Amino acid sequence: MKRLLRPGISTIVVVLSAAMLVLVPLVRQNRKVDFSAEIKPILNKKCISCHGGVKAQGGFSVLFREEALAVTGSGRPAIIPGDPENSEMVKRILSDDPEERMPYRHEPLSEDEIGIIKRWIRQGAEWGDHWAYLPVKETPAPRMSSNWIKSDIDRFVYAKLKKEQLTPSPEADKFTLLRRVSLDLTGMYPGNTIARKFLESNDEHAYEALVDSLLASGRFGEKWAGMWLDLSRYADTKGYESDGGRQIWRYRDWLIKAFNDDMPYDEFITGQIAGDLLPAATDEQYIATAFSRNTMTNDEGGTDNEEFRIAAVMDRVNTTWEALMSTTFACVQCHSHPYDPFRHEEYYRFMAFFNNPRDEDIPADYPLLREFRNDTLKQHFAELMTWIRQHGSEQEARKFDSFVRTWQPSVNMVSADSLENALVINKNVALAFSNHARARLKNVDMENAGQMVWNYFSNTKNGTLKIRMDSPDGPVLASVAIQPVNKWRKEFIGFPRQEGIHDIYLTYDNPSLPAKSDGFYLTFDWVGFLPAVPEATAEAGNYRKMFQDLVTTNDVTTTPVMMENPGWMKRKTQVFDRGNRLLASKTVEPAVPRSLSFPMPEGTPANRLGLARWLTDKRNPLVSRTMANRMWEQLFGTGIVETLEDMGTQGMAPTHRELLDHLSWRFMNDFKWSTKALLKAMVMSATYRQDPRISNELAEKDPSNKWYARGPRLRLSAEQIRDQALSISGLMSDKMYGPSVMPWQPPGIWLSPYNRADWKNSSGEDQYRRALYTYWKRTAPYPSMLTFDGMPRVLCAARRIRTNTPLQALVTLNDSAYLDMARHFAARMKEEGGPDLTGQLKKGYAIATYRPLQENKLKVFEALYRKAYAEFSRDTLRTKQMLGGPDKPSDARSAALVVVANAMMNLDELIMK
């Protein structure tokens, strides 16, 4: 019977096989071609370098559909939808003539690539949006069943593992989880109480309790603020050649508090983009805008302020796109994007949002938020504003509020023109008058103005300053005698109430000086025109003095912030041909790129506040994806999209696209933009909790762990390595917030010929503060941080590329700061480990790793100790050096323990997570 059936079955198999040979190509021919997945990669790789945003050879570009279908330089379209045979593009890629075939003088397209392009054209040559530019939609988790799964995150990961024929790893032990999640959420070890509670608990919810305690820790904000400092290119100096100091540390404090308070991410972005434009903006909201003021300022004499102001504006545009939307927008300033759908003109429309703030690349870094340091000044300010609101208009109150807090709006005198016997010092510092000098301030809003406040310096008596309207010999608003002052001084000059926009002329004459003189006798910094303090009651004089005292007090902390120009100072934005500001052409208004398929939300203003609303609109496809991807990268070492800086068509494809969309949607909707909730979901997953050990199978199939079949294993960041050493040694300061500090650094690192600034090593607990607070000089960052891939923060850095170099071992083994920590660690081992060596070694290892010290490792440390002890016993000088200097006692046992402590701090178990 079986023998009789075999021929029939064989016949059926043959027939089915033949049918498959016929049907598979037919199915393939009829299947809809996916433009983003199949066509766009070919165009990007083979065509767009000659036919895209940078150039369009032969009048043909494949960047946008309307350009690709347009008539080319030959007079014919290269692509005819529905007709591949007559499409010039197909003819060229099939041509045998080397001068005709495309890609020109490059490897020809494969048969598969040609077939895909022909099918695509036959199907209508439809374009498609890149996945990252499509709206984020709710993505349900796959229906997967496994005892390993703990959350929806695991369902996505497990589905991919099954597809790749991989098995997830079991959960890591408690010691590993404690160290991993502590470093990931707070950047350092937890307190002993938290650690002991978790390690000793048998409660099934112990891990979640640990996570909650870490999320509630003040150290959480410090860790995540550190991540954001790279994105915001935070530094304590201004950059460029002179690289002078800048007081902007209050922005770092703001970041720490924002993360600790779990400020919703949409508010977090809004504050940084447009905090100054929020109604009745608070000091904290102003400080948030330092995100944009972290740009560099060129204080070098002779530089063009406008050139570097525009450079700062462009940096703000580029940072906004890279940090918040994972998009390489910078190249669009010179030409349309070579790979992504952004046009050259759209760059300048977007730039118009950032082109109207008051800062002008001057050394003083105006505008500055002035925060009063004592309660009396704060109370006086509140009283003044109450009085002005009672006796003046709301508009006047807003002007006084702004001027007391920021000295704005005011005119920087470097912008004066029509100069006579006057010059701008170094072209960018201040305006200096000689005798019989004159300068013009053009188109000043004098509406309701009744006083001028000006910041000046003079070294000569008997001079007179006159303020004239509209012309050099126009009506005199006021005349004031100038007396010598030995420092910058703010003076208040009253005059009758004015109206309208006027040119203001300032003249200086001094009869005691020669008519022609090479000297300069009066120097202006800025001038501001304000209403007079209301004279409503007899108390007006008291409030006038209160106003003047608040404006002139130096008992303030200042921070560079963003402030919008008033209407009479508004700048126009023009397109720069090929990115050259000297080739300014078409004037444009603020707008967002059309390619992202959703406009500014209805009713929003065309300024940075409106832009912030657009960024945080749930229809924005990039903002939530970018942050979810960044949080994932911080935990797992690599983002779901590896290229954090580029989620566009040239970026790496996501390994788990559906998971990224799932996290992004939940971030906006379920979690209400809560970063803590998003992080908790990630660290609670079985995916995150896996054992990090790699099997032979995983080493072969997934060495980089992109499918997440094991837990993350990677080297700690520069900051974590230092903070871990400080924690282990017992030196870590608990102090939070405040100005940057200068931990130990050898002399000679800084070379600052402009201002002779020098590194002054901090003393006391300041030398042992978290790495986050280390003073950051752009031209000379802290060396050990740089060695471990810290960023100079000249520009936005979306991710750090981890390296492994011998210099890193030299730092942790030989850097004097790390040797100091090793000495304190050894002292802690002696103090807490008891009198015998074994107890000390076990205690040290437990402090460093939370694990008990195994016998085989104990023997290694004991052998190292004995060898070091033998050498130190014979060399008193080396013993003292190891213990800190010639004034230290010669104790060979202590010196040997320092060597062991230093080795322990350099274990792979500690340098890696």
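Me: Are Phe598 and Trp614 buried or exposed?
Reply: The model is predicted: local features need pLDDT of at least 70, side-chain atom pairs count only at pLDDT 80 or more, and totals for chains, interfaces and linings use all residues. Residues are numbered from 1 along each chain as its sequence is written, and side-chain values use heavy atoms, with hydrogens and water left out. A residue is buried under 20% relative accessible area, exposed over 50% and partly exposed in between (1.4 Å probe, protein chains only). By this rule, Phe598 and Trp614 are both buried.

Me: How many aromatic pairs does the rule count?
Reply: Rings of Phe, Tyr and Trp (its six-membered ring) pair if their centres lie within 6.5 Å; planes under 30 degrees apart are stacked, over 60 edge-to-face and the rest tilted. Under this rule, the aromatic pairs number 52.

Me: What angle lies between the planes of Phe598 and Trp614?
Reply: The rings of these two residues stand 5.3 Å apart, centre to centre. Phe598 is in the loop between β13 (584-588) and α20 (608-615), while Trp614 is in helix α20, so the pair links parts of the chain 16 residues apart; helices (H or I, at least four residues) and strands (E, at least two) are DSSP runs, numbered from the N terminus. Phe598 and Trp614 also belong to a cluster linked by ring pairs, whose members include Tyr133, Trp321 and Phe576. The pair counts as stacked, with an angle between the planes of 15°.

Me: Which ring has the charged end of Lys174 over it?
Reply: A charge sits over a ring if NZ of Lys or CZ of Arg is within 6 Å of the ring centre and within 35 degrees of the ring normal. Lys257 gives one such case, over the face of Tyr737 at 5.2 Å from the ring centre. For Lys174, the charged end lies 5.0 Å from the centre of the ring of Phe198.

Me: Which helix supplies the largest share of the lining of the largest cavity?
Reply: On a 1 Å grid over the protein atoms alone, a cavity is a set of points where a 1.4 Å probe fits but cannot get out, whereas a pocket is an open set with protein on both sides within 12 Å along at least five of seven lines; lining residues have an atom within 4 Å of a point. There are six cavities of 30 Å³ or more, and the largest holds about 530 Å³ of space, a volume being the space filled by probe spheres on grid points joined across faces, edges and corners. Among the 30 residues that line this largest cavity, Lys223, Gln634, Ser717, Glu719 and Arg800 are the closest to its centre. Six residues, the largest share of that lining, come from α10.

Me: How many residues of the lining of the largest cavity are charged?
Reply: Ala, Val, Leu, Ile, Met, Phe, Trp, Tyr, Cys and Pro count as nonpolar, Asp, Glu, Lys and Arg as charged, and the others, Gly among them, as polar. In the lining of the largest cavity, 10 residues are nonpolar and five are polar, while the charged residues number 15.

Me: Which domains does the largest pocket lie between?
Reply: The largest pocket holds about 1000 Å³ of space. Its lining has 33 residues, with Tyr286, Arg398, Ser402, Met563 and Glu564 nearest its centre, and α18 gives the largest share, six residues. Domain bounds come from an automatic or database domain assignment. Two domains give residues to this lining, so the pocket lies between domain 3 (243-366 + 569-616) and domain 4 (374-554).

Me: How many residues of helix α12 are buried?
Reply: Across the protein chain of 913 residues, 55% count as buried. In α12, the buried residues include Tyr265, Phe268 and Ile269. Helix α12 (residues 265-274) is largely enclosed by the rest of the structure, because of its 10 residues the number buried is eight.

Me: What is the value near which phi of Arg233 lies?
Reply: Most residues other than glycine have a negative phi, and most peptide bonds are trans. Arg233 lies in the loop between α10 and α11 (249-260) and is buried, with a relative accessible area of 0%. Its phi is positive although Arg233 is not glycine, and lies near 45°.

Me: What is omega of the peptide bond from Gln408 to Pro409 near?
Reply: Pro409 is placed in the loop between α18 and β2 (411-412). Another bond, from Tyr366 to Pro367, is cis, with omega near 0°. The bond from Gln408 to Pro409 is cis, with omega near 5°.
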